[in-house]
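Please keep the sequence and the model in view while reading.

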Amino acid sequence: MARERIVKVLIDGATSDLSFTYLVPAGLRVETGHRVRVPLRNRSAIGTVTVLEEIETDNLGYPLKPILGVVSEDPFLTAGLMRLAEWISSFYLTPIESVIRSMLPKPSRGEEEKRKTAKFVELAVALSPEILESFSGRQKKHREALVILQEQGSCPLTELTGTHGVSRPALKALQERGFVTIVDRIVSRDPLGEVEYLESAPLVLNDEQRIVLDQVFESSRLVEAGEKVKPILLYGVTGSGKTEVYLQAIQRTIEAGKGAIVLVPEIALTPQTADRFKQRFAKIKDQVAILHSNLSEGERHDEWRKVLDQKARIVIGARSAIFSPIENLGLIVVDEEHENSYKQDTSPRYQARDIAVVRGHLEGCPVLLGSATPSLESWNNVLSGKYDLTTMRLRIDNQKLPIIRVIDMRNEGKKSQSGPTILSTRLRLAMEQRLAKGEQIILFLNRRGFARNILCPECGYVANCRHCSTTMTLHRKEDRLICHICGFSQLPPSRCPECSSRSIVNAGYGTERVEEILRQVFTEARISRVDTDSMRKKGELRNTLNAFRSKKIDILLGTQMIAKGLHFPNVTLVGILNADVGLYIPDFRAGERTFQLLTQVAGRAGRGELEGEVVVQTYTPHHPSIQFARHHDFDGFAEYELAMRRQFNHPPFSHLALITSRSVHQERAEFSLKTLHARLKRNLPAEISLTDPLPSPLVKSHDQWRFQIVLKSNGARRLASHIREVMKDLTFPDDVMVTIDIDPYSMS
């Protein structure tokens, strides 16, 4: 009986989970996670090996085709990542092929791995003094090239012809005479290659930091002993030194021969976090890999390749970094674990914090979740015993938390005769005092652009996007009205399009307008704005933050890009210009997000030797989220908010599934969802509740009409099982897209 190696291959495809069995040709190295080329009908296809086994093929009754080859000699997905992909596919109701595709960088998804190459000149023979002496006179450059190659062994062609001035004809002549060869080599792009890092030493820890670190070490010891461990929630106030704990925990992990993943929520946090890690681990080149969406596709692929080749043992990045192919994973850190940006808003709609916990469980490694304002999901997991808790309630060096002053803007508005007040009297005076002392200021407004919209007071006209059911924002610099949903833009009208009145006014304000006012009020101050409009060029964010750290900028104005995780010791004043932004959106998490954002922004003040002050401007000063943030009272807020959530059975006491249908045809989108609703309602388990089909809060986006239903249950698996059973035999019109979001973070 013939025993042969066979593989099951998951074929690439946007919506299918086609899996076929193939033979492995003798002598070809194939493992689970390999990307392979296979015959499929009359063409070849690319797929991922999910199963590898040896069987007796004589009794199959049908011939098996052999695979055609491998995309790369290396398996792109570890065994742990393959198990994780299966879990994500099952939990989030996403085809596993889509999950696997999201785990791989784009250059690795095709028929061959796209690697950047460059031409190098290599010395082909040993050089004697006599050979070098033979090059003289007009062949002086020939000799210079040979001397350089003799010293270096090889040199990039562009360096020889550019820096050293060796002509291409001279190199061609040397190549024809057999002295040199010109070859193609794979080169790696380093997004931080131009930055030189000096190694930094570990800092002396305080008592709270040592307790946390010992708890992480104990968790690692238990894992080594084969025991299961719980994720650890680190609740540490802003400025308590959480990053130093991460650094020393990872240092121990690396010394044990294991790897680590550090997730950060914002691209804005990546430069500062990456710098600290690069400095601490500067002794070994390429030990730290950076992965986030601001890198080019090539840079991301090369950083991912460093991890795959086991050169980089530490990965820092946004949510997709959780899929890094690190072997022998020893620690996962999720910084600012409460952040909504860990939730993916396209398929697969995973929550990176939760995936970190699952990966830690599957691969047997400790998971450390850190935040000054933990999510209520994580806090409830602590209360229910699923997570362990460790706390750091004091700032390092006994620094005091900043004083938070709440300004009622309703009173300020009574003093103004020219529209809404942007800077209250208290904030303006505080800014003048801080600037006079040479101290720095951060101003926060989570709304970009010049004006929220434009309107006509004569007839009530408002400039709405023609493709989305939302207003358009005025951007003065571009002189355009821009939709922040779909990006559509148009020139602002000089008169009302409906009544021809010239009395059109700007309503509301954004960071662009605030910057203009700041330059008028504080004429001597050096001001910089940080938002997605002003930080478009590569490296601009890093340069701005470095300039602010070097005290070359006095006032830093920005959106949530500057709200958390950044450390500037000379910042003594933080102004929150409109604390009500986002407080009254139709979402049960609005109060939690506002509390978290206010606390995080306030935490940027007073992180050095000087005391900090925070001025919060609001039209609802008595709102619980604002009052709890004012007193730095997370425990009180969590108790209050969890009581409210329990009363209405909202998460974390239940799980939600948001199902949305969308189409350019309003009637088809609505009818398709009603059909699905009727199927879901039939045989609906008693523990699952189901809402009626309704228009989404954002009923139109990108020219598509949107309708939604929400299912709620105490068990996520039961919820997913019922939806899966209904969806498996249901088809929709080609122009109707139906999406399922398990545990959604946005209800719009």
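## Aromatic pairs

How many aromatic pairs does the structure hold? The structure holds 14 of them, where rings of Phe, Tyr and Trp (its six-membered ring) pair if their centres lie within 6.5 Å, and planes under 30 degrees apart count as stacked, over 60 as edge-to-face and the rest as tilted. Y235 and F634 form a tilted pair, with 5.2 Å from centre to centre and 45° between the planes. This pair links distant parts of the chain, since Y235 belongs to strand β9 (residues 232–236) and F634 to helix α19 (residues 634–648), 399 residues apart; helices (H or I, at least four residues) and strands (E, at least two) are DSSP runs, numbered from the N terminus. Y235 and F634 are both buried, a term that means under 20% relative accessible area, with exposed over 50% and partly exposed in between (1.4 Å probe, protein chains only).

F548 and F568 form an edge-to-face pair, at 4.9 Å centre to centre and 80° between the planes. Here F548 lies in helix α16 (residues 540–549) and F568 in the loop between β24 (555–558) and β25 (571–576), 20 residues apart, and both residues are buried. Y235 and F634 also belong to one aromatic cluster, together with W379, F595, F628, F637 and Y640.

## Charges over rings

The charged end of R252 sits over the ring of F217, 3.7 Å from its centre, and R476 lies over the face of F450, at 3.9 Å from the ring centre. Such a contact is counted if NZ of Lys or CZ of Arg is within 6 Å of the ring centre and within 35 degrees of the ring normal.

## A loop residue

N398 is found in the loop between β15 (388–392) and β16 (403–408). N398 counts as exposed because its relative accessible area is 67%. The C-alpha atoms of N398 and E609 are separated by 9.7 Å, although these residues are 211 residues apart along the chain.

## Basis of the values

The model is predicted, and local features need pLDDT of at least 70, while side-chain atom pairs count only at pLDDT 80 or more, and totals for chains, interfaces and linings use all residues. Residues are numbered from 1 along each chain as its sequence is written, and side-chain values use heavy atoms, with hydrogens and water left out.
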